[in-house]
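Please read them with the model open beside you.

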Amino acid sequence: MATMVLMPQMGVSEESALLAEWLVKEGDAVKSGQALFSLETGKSSFECLADVDGTLLKIFVPAGEEVSVGAPVGVIGKPGEAFETPAGAPAAAPAPAAEEPAAAAAAPAPAAAAPAAAAPAAAAPVSADGHIDASPRAKALARDLGLDIAQAAPTGPEGRIIERDVKALAAAGPAAPAPAAAAPAAAAPAAAAPAAAYEDQPISRIRKVIAANMHDSLANMAQLTLNRTFDATNILELRKRMKASEGFGLEKVTINDFIMYAVARTLPEFPDINANFIGDKMRRFTHAQLGVAVDTPRGLMVPVLRDADTLSLREISRQVKAKAAGCKDGSLPAAELAGGSFTVTSLGSLGIESFTPIINPPQTAILGVCGVVQRAREVDGDEVEFYPAMGLSLTFDHRVVDGAPAARFLKALAERLENFEFLMAM
């Protein structure tokens, strides 16, 4: 019996997802556990795996479409096995046109298709400078087939021309290129110049969500940033000793792991900073639900270390690395990105000395970790020495956190980092 492939729910709040790319084709044999397609939610990208062995008999939903959770997107079964197309399956109608270009092109009356082909031309998404909003794959296919992509009827997200639209144009027969011949000869170079000068890329769902969240964060909060440094001599020396150690499992501990450990053990003492501001109430967390910002090819993601104040330095280091890897390869469940009480983000490895991190709503604060610079200080009256100073940038929501407690948090954190051995003994 054929098995329907359904759009999975990757998070409790997700009602739909973008089917980003099919990783197999109709007619391909697939194995249970094999990646079938990639999808994007508002927080991450994932791969959907096959539950059974068989052949991908039909794709109901092409890449680039938003699909409701639980909706069928394809079907797996034995070759030639009958199956019933689900009622209301998205994008089922355009499929035959995409699959039968040769048969359509062989039709004896292409002239009859000319009026129909002219209609999409008027509705094609052409900007004022002549640029056409189409996916890279659609452009490449149109170029290979020698078609005028402006004649394709767009069916992609936000009126974008996608690959199946070009296939449908090819199926309409030779009438499609006619507008190019009718266009004035002088107009061709003018239209080509902008397309050669740049190429528009669609904004991913994740980037759209990041953009909206960051804009809302700045628009709806009274954000203020405090900057200070601490003497990093002790943690740099301790890091050096751990890196050279054997048998303790601390060889891969990083400076950022030290920061995370100190932050986790300081947060519970500052309940308004270890909190979420939700409408007319504050949600103060008993333990540190510590988010760590991870830079991925798809954008910034923030997995959460649960009850981080109860974790050892070695366990924090292990979890940070494992969750960062999951963010980058798309395997981390969406639930791991929710429920944070505070976030740490680091740009120190890029040489940044101070910056203004933006709060991740509904959290009330975020810590930016900066790089190490050599600074001078006076010792023994007349002597001057240089020491490694590491910067910390704390942004807080001044609606619910005053400047003094924010400064006290930063002071306590800096002192604990300067005396890290004592912190580990607490």
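1. How many helices and strands does the protein chain have? The model is a predicted one, and its protein chain has 13 helices and 18 strands.

2. Some totals for the chain come next. Of the 426 residues in the protein chain, 41% are buried. The chain exposes about 21400 Å², and carbon and sulfur atoms supply 57% of that area. Counting contacts between residues at least 6 apart in sequence, 64% join residues at least 24 apart.

3. In general, strands of a sheet pair through backbone hydrogen bonds, either parallel or antiparallel.

4. S3 pairs with strand S6 (residues 54–59) over 2 bridges, in the antiparallel sense. Within this part, Ala29 stands opposite Thr55 in S6.

5. Another open sheet has 6 strands, and here the pairing is mixed. The order of its strands is S9-S18-S17-S16-S12-S15. At the edges are strand S9 (223–231) and strand S15 (304–305), each of which pairs on one side only.

6. Which strand is joined to S9, and by how many bridges? The partner is strand S18 (residues 383–397), joined to S9 by 9 bridges, and the two run antiparallel. Phe230 stands opposite Met390 in S18.

7. A helix also lies across part of this sheet. Helix H12 (residues 403–418) lies across S9, strand S16 (342–346), strand S17 (365–379) and S18. The angle at which H12 runs to S9 is about 25°.

8. The last point is a pair of helices. Helix H10 (residues 255–266) packs with helix H11 (residues 313–329) at an angle of about 115°, and their axes are 9 Å apart. The crossing of H10 and H11 is right-handed. From H10, the contact uses Asp257, Phe258, Met260 and Tyr261; from H11, it uses Leu313, Ile316, Ser317, Val320 and Lys321. By class, the contact of H10 with H11 has 6 nonpolar, 1 polar and 2 charged residues.

How values were computed: Residues numbered from 1 in each chain as written. Predicted model: local features only at pLDDT ≥ 70, side-chain atom pairs only at ≥ 80, totals over all residues. Heavy atoms only, no water. Axes fitted to C-alpha atoms, helices over the stretch in contact; angles between N-to-C directions. Helix = DSSP H or I, 4+ residues; strand = E, 2+ residues; numbered from the N terminus. Left-handed = near helix turned anticlockwise from the far one by under 90°. Contact = heavy atoms within 4.5 Å. Nonpolar A, V, L, I, M, F, W, Y, C, P; charged D, E, K, R; others polar. Pairing = 2+ DSSP bridges. Buried < 20%, exposed > 50% of the residue type's maximum accessible area, 1.4 Å probe, protein only. Areas by Shrake-Rupley, 256 points an atom, 1.4 Å probe, with all protein chains shown as cover.
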